[in-house]
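Visitor: I would like to learn how to read a few features of a model. Please take them one at a time.

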Amino acid sequence: VSSSWNVGIINGLSGWTVSVDDVPADTIARRFRYDVALVSTLKDLEEDIMEGLRERGLDDSTCTSGFTVVVKESCDGMGDVSEKHGGGPAVPEKAVRFSFTVMSITVQAEGEEEAVTIFQEQKPNSELCCRPLCLMFVDESDHEMLTAILGPVVAERKAMKESRLILSIGGLLRSFRFYFRGTGYDEKMVREMEGLEASGSTYICTLCDSTRAEASQNMVLHSITRSHEENLERYEIWRTNPFSESADELRDRVKGVSAKPFMETQPMLDALHCDIGNATEFYKIFQDEIGEMYQKNNPPREERRRWRSILDKQLRKKLKLKPVMRMNGNYARRLMTHEAVKVVCELVPSEERRKALTELMELYLQMKPVWRSTCPARDCPDQLCRYSFNSQRFAELLSTTFKYRYEGKITNYLHKTLAHVP
């Protein structure tokens, strides 16, 4: 890193300018140089690092190398950021933010077997430790624009993976290496970064090769098979078609990888969208149960609308839950509760269906803390132990009692919740 590491903010598409204030009106991206941002972050953490060394009883004058920093990367669209009253430069009304968080710092002292953790982020999902690296006026669906702007970020990150950073911490030069973990992406962004088809695809999962039909047949037994390297290999096959196959055969061979993977992400599950996706599903099950869908064959749309308004009325009256246009996190959290299922059961005619519905929610609430928690082994060990058992019972209920909904189809997040959380 150059000695003048305060290079300020770089125009996302070209060289760098010295200060933030001379932003030209036609800017579409602003970013920090990645290495500079990391240096600045480590300087911010200087006291924590020295404190950690002291607490671990390490002599800071001997610990000059062997530091390892784990960095979590995140990227998400920021929805509508349009100017409400006009007047400014014309920019796209969507924005994307790429940011990172230092998760932990460990040091392996010379002659020691084990690395020792000297810094661990206590609240890794808080905005207080999340450092924006790049802000862009881009729609996250505009793949070309996104890759053009993040290209240099990917290049810098790649260069840093191979090299060491030497930085003065506590008055001595110390050597750091970085591990980058791209886990802060929602499913849409993972698919875009990893070259997979969009989320409506028959290849429903970003973690395994399962198709929607397979996932609904076998709900719990899938292992995580996809990786960035493999996606790159598959893209090459897709591009060159070495076996001269038809489009369908080729697509089946590459399991839906039909664009070039651009940035490496770690296999993970996005807890908020998991909440939202599953709550949407339960909301639909509630409607279907109110209308006794399991006895009917393809009821008309008006009838389904009626069930929905009955459900909304009941939730509003008993739980003060106002209907929402699109499911959001707060609604999802209030819908997925014992109270809500009790209230819905008042509208379900058959005793046996009420029981099944209550059990479904019961199981779900047992499972949920595991994928909501940062560290399930510490926060909810009992639920963690029972997870596989609970998810199997949950899947069994879906494929028997609620068969009318899951015959040959299942949503992306239900599949992940049942198959990949364990």
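Guide: Start with a loop: asparagine 241 sits between helix H6 (228-240) and helix H7 (247-254). Helices (H or I, at least four residues) and strands (E, at least two) are DSSP runs, numbered from the N terminus. The model is predicted: local features need pLDDT of at least 70, side-chain atom pairs count only at pLDDT 80 or more, and totals for chains, interfaces and linings use all residues. Residues are numbered from 1 along each chain as its sequence is written, and side-chain values use heavy atoms, with hydrogens and water left out.

Visitor: What is the phi of asparagine 241?

Guide: Asparagine 241 is not a glycine, yet its phi is positive, about 45°. Asparagine 298, also not a glycine, has a positive phi of about 55°; it lies in the loop between helix H8 (271-290) and helix H9 (301-319).

Visitor: Is asparagine 298 buried or exposed?

Guide: Buried means under 20% relative accessible area, exposed over 50%, partly exposed in between (1.4 Å probe, protein chains only). Asparagine 298 has 66%, so it is exposed. Leucine 135, in strand E6 (residues 131-136), is partly exposed because its relative accessibility is 41%.

Visitor: How far apart are the end C-alpha atoms of helix H12?

Guide: The expected span of a helix is 1.5 Å times one less than its number of residues. For the 22 residues of H12 (residues 351-372) that gives 32 Å, and the end C-alpha atoms are 32 Å apart, so the two agree.

Visitor: Which residues of H12 are buried?

Guide: Among them are Arg353, Leu360, Tyr364 and Trp371.
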